[in-house]
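Please find below my notes on the two-chain model under review.

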Amino acid sequence: MLVEFETVERARDGDPAAFTILVNTYRRRILGTISRLIGRPDDVEDVAQEVFLRLYDSLGQLRHPQIFEPWLYRLTMNASLDYLRKRKRRPESRMSDLSEQQVMIADARMGTAHDRELQEKKRVREFMGELLGRVSEEDRILLTLKEVEGLSLKELESVYDVNENALKVRLFRARQRVLKAFAALGDSAPRGKEAV
Amino acid sequence: MSDGLGRNRDIRSREELLETRLDGLFAAYRDACPEPEPSPDFMPRLWARIEGRRQTQEVFAWRRWAQAFLSLAAVTCLLIVVLQVLPPASSAYFHSTYIDQLSEDDGPEHMLLQDVASADTRPPLQPAVLQVAPPEGNNGR
């Protein structure tokens, strides 16, 4: 825990100063998690605001301050899930949608090695966005929490409130679906970490 | 036979390769996602939204109360109107005289009067006559 249980209890009892401490302590971590879950840097802060807003509304229902972190992760997961579902209904602008002039400007910008690295990272983000967009939002979030965020099975059990066996089954199925989508995408994949 | 085994081995090795590449991609994705910095107005914006939501909830609470009150008032009005419109069970109740009512009345007083009347019509009690049997032995006298 990054904060003391007493701070969580005070925030739960309606102390605004304690709530501010909670937000200031966790916001960077939550922003990072949301960034990896939704893959859209522009909207990360809005989703984070929604998470802390939901935290403020639901903190009174938290019985034990010990489970504050899984609770916060669950709120983050749900807010990200809602965002992804909404985004599915909105059209997304991609490189192919840009005008020729805009593409030329974008190409001209990636000259130096640093820019190339940035470009490669962008490619990875776009590819993963494409790959994870081919499976359900639930699979996407579960796998991101496990494989990218690095949450342990124990932590995921508390976040999802399911037992280990059920969680393993879910993880296996989600991974199988992503693998299937990965195989379908074929050679367009950028080189991952093992190739670096 | 060996051809089938070879094909299975190919499929398995391809799956393993895909798994490895996917793990590598997840790791690359972790590095590729920037750690976003919270903007300086993150907290003020959050508190403004909390306040805004709280005010909205208060307004909604008042609205709920007002709606409940209005519904109750409407139901009461409806009930009163229905009671006014419906004809009374018997109009004679309002138009008959006191005497008519008394004559029709089956109330307790009437029952009492009936009791008294029925008591009066009973035959009067006869005094008991004692018939004394003559003593034995005086038969011949």
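1. From the N terminus on, chain B runs α-α-α-α-α, with five helices and zero strands. Helices (H or I, at least four residues) and strands (E, at least two) are DSSP runs, numbered from the N terminus. Of the 141 residues of chain B, 6% count as buried. A residue is buried if 20 or more other C-beta atoms lie within 10 Å of its own, exposed if 12 or fewer, and partly exposed in between, with C-beta atoms placed from the backbone.

2. This is a predicted model, in which local features need pLDDT of at least 70 and side-chain atom pairs count only at pLDDT 80 or more, while totals for chains, interfaces and linings use all residues. Residues are numbered from 1 along each chain as its sequence is written, and chains are lettered from A and ligands numbered from 1 in the order in which they are written.

3. The contact between the chains takes 30 residues from chain A and 26 residues from chain B; two residues are in contact if their C-beta atoms, placed from the backbone, lie within 7 Å. On the side of chain A that touches chain B, α2 (16-38), α3 (44-58), α6 (113-132), α7 (137-148) and α9 (164-185) each supply at least two residues. The most come from α2(A), with eight residues. By class, this side of chain A has 16 nonpolar, five polar and nine charged residues. Ala, Val, Leu, Ile, Met, Phe, Trp, Tyr, Cys and Pro count as nonpolar, Asp, Glu, Lys and Arg as charged, and the others, Gly among them, as polar.

4. A:V44 is found in helix α3 of chain A and is buried, with 25 other C-beta atoms within 10 Å. Leaving aside neighbours within four places in sequence, A:V44 is in contact with A:L31, A:I34, A:S35, A:I38 and B:P36.

5. Of the 12 residues of α7(A), 10 are buried, so this helix is largely enclosed by the rest of the structure. Just after α7(A), A:G150 takes a positive phi of about 75 degrees.

6. α7(A) and α9(A) pack at an angle of about 105 degrees, with their axes 9 Å apart. Axes are lines fitted to C-alpha atoms, for helices over the stretch in contact, and angles run from 0 to 180 degrees between N-to-C directions. The two helices are therefore roughly perpendicular to each other (65 to 115 degrees). The residues of this contact divide into five nonpolar, no polar and five charged.

Note on methods:
Parallel < 35°, antiparallel > 145°, perpendicular 65-115°, else oblique.
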